[in-house]
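Dear colleague,

I am passing the structure below on to you, and after it you will find my notes on what came out of the calculations. Please read the two together.

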Amino acid sequence: MKDRKLLMIPGPIEFEPAVLAALGMPTTSHIAPDFIEVFGQVLERMREVFLAPEGQPFVVAGSGTFAMDLAGANLIETGDRALVVNTGYFGDRYGDLLSRYGAEVAHLRAPVGGRPALRAVEEALEARAYKLMTVTHVDTSTGVVTDIEALGEIARVHDVLLVVDGVCSIAGQELQMDAWGVDVALTASQKAIGTPPGLALMMASPRAMDAFWARKTPVSNYYADWGNWLPIMEAYEAREPSYFGTPAVNLITALNVSLGLILREGMQASFSRHIRISEACKAAIEALGMTQVPIAPELAAATMTAPRFPKGVDGRALLAAIKAAGVVVAGGLHPEIKGKYFRIGHMGAVSQGDVLATVGAVETALAELDYQFEKGVGLAAAMAVLAT
Ligand code: PMP
């Protein structure tokens, strides 16, 4: 019998065996010709995955928060104004981060489970000039997805840099960086990108690079300074040796494998698979009589599902019972509703079988806690979606 649980949290996810095998290779020098080739391929593949043929990729050791830092540290100077289109916990984090670099930060918020109206974003940008606007594509604390295409149009009209926190979206939820006018898109290795935690991934548009070059003051964060990393990224792409800080050789080698797998499936095919799996999961949750944190179906992300605990069911006991049934899901994160909901991640290499196993575990757990429902109704709803 397999002695491990299925990991269905919104990151880290379960990784493909080929990716994990790459991690175990004998570590080479960071300037060995074969590693230079691997890193060069990674940078080229990132442009394809981010749908950003014009973008400048950066791959630096760190978590997703460091990818947020890479954008904040390089684009903000003291006194710059920044607007955070806030859909939860990670919007709050971005506001805090930008303040550290001296930004004057304004938040545009919505009730939990909602997102600020596009008109409200336009009004905020009409009322004052901002240098930069951040948006969380999928806020992992609420499962709310934002409309990046529409926000990109608004950003272009108002000449504000658009920074997208795509940690819980990129490679799972569709993001067309160039076509939608995004200036910085960032993520971390451990989510839909499909590589164990440890790499911050970021793509900058030519407009973002121009804004960086136009700075009047030095970047106050030494490790994050694009000026230190740009020559390194350019050198690897030109297949030349270089050094600033030792790259995470094994993780970057594993990243090359996962980016290769993503591109082999194809971006549109991958986005469609995420939608199908998400719809199957959400149909099951609904059939089981649970509501979700996003207040309308069109606000719900394709990479995760955030069900509220049913009335009368103890949340902690339910999570423990789901785990005992073989699946690990995540508890709540948003401070206002923390104990009232849980989170299921379904991104990256996730399969139909994974979502059915998860729904089965949720049903088993609900039955154990004497929740009244028609047994099998969640599985039937999920299977009906998957059969279409
Ligand atoms: N933004 C979002 C949307 C996230 O989901 C996360 C991680 N859950 C982060 C930022 C921060 O990433 P990390 O935990 O890798 O620092």
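Helix H3 (64–75) and helix H4 (89–100) each supply at least two residues of the shell around the ligand, where helices (H or I, at least four residues) and strands (E, at least two) are DSSP runs, numbered from the N terminus. Before going further, please note that this is a predicted model, in which local features need pLDDT of at least 70 and side-chain atom pairs count only at pLDDT 80 or more, while totals for chains, interfaces and linings use all residues. Residues are numbered from 1 along each chain as its sequence is written, and side-chain values use heavy atoms, with hydrogens and water left out.

The ligand site

The largest share of the shell comes from H3, with three residues. Of the 13 residues around the ligand, those that come nearest are Ser63, Gly64, Thr65, Thr140 and Asp165; a residue is near a molecule or strand if one of its heavy atoms lies within 4 Å of it. By class, the shell is made up of four nonpolar, six polar and three charged residues, where Ala, Val, Leu, Ile, Met, Phe, Trp, Tyr, Cys and Pro count as nonpolar, Asp, Glu, Lys and Arg as charged, and the others, Gly among them, as polar.

The ligand has 390 Å² of accessible area on its own, and the protein covers 86% of it; accessible areas come from the Shrake-Rupley method with a 1.4 Å probe, and for residues only the protein chains shown count as cover.

The fold as a whole

The protein has 13 helices and 14 strands, and its C-alpha trace spans about 65 × 55 × 35 Å along its principal axes. For 388 residues, a compact globule would have a radius of gyration near 21 Å, and the protein agrees with this at 21 Å; the radius is taken over C-alpha atoms, and the globule rule is 2.2 Å times the number of residues to the power 0.38. Of the 388 residues, 58% count as buried, where buried means under 20% relative accessible area, exposed over 50%, and partly exposed in between (1.4 Å probe, protein chains only). Among contacts with a separation of 6 or more, 72% are between residues 24 or more positions apart, a contact being heavy atoms within 4.5 Å. The protein exposes about 15500 Å², of which carbon and sulfur atoms supply 55%.

Individual positions

Thr195 lies in the loop between strand S9 (184–188) and strand S10 (199–204), and is buried, with a relative accessible area of 0%. Its side chain is joined to that of Ser258 by a polar contact of 2.6 Å, which is a pair of N or O atoms within 3.5 Å; within protein, one must be able to donate a hydrogen and the other to accept it, and residues adjacent in sequence count only if both atoms are side-chain atoms. Not counting residues up to four places away in sequence, Thr195 touches Phe15, Val19, Ser189, Gln190, Leu251, Ala254, Leu255 and Ser258.

Leu118 belongs to helix H5 (residues 118–127) and counts as partly exposed, at 34% relative accessibility. Leaving aside neighbours within four places in sequence, Leu118 is in contact with Asp147, Ala150, Leu151 and Ile154. In H6, the buried residues are Ile148, Ala150, Leu151, Gly152, Ile154 and Ala155, and the buried residues of H6 pack against H5, strand S5 (132–136) and S8.

Backbone points to check

Most residues other than glycine have a negative phi, and most peptide bonds are trans. The peptide bond from Gly11 to Pro12 is cis, with omega near -5°, and Pro12 is found in the loop between strand S1 (6–7) and helix H1 (17–23). Leu51, in the loop between helix H2 (33–49) and strand S2 (56–61), has a positive phi near 50° and counts as partly exposed, at 23% relative accessibility. Asp159 also has a positive phi near 50°; this residue is found in the loop between helix H6 (148–157) and strand S8 (161–165), and counts as exposed at 61% relative accessibility.

With best wishes
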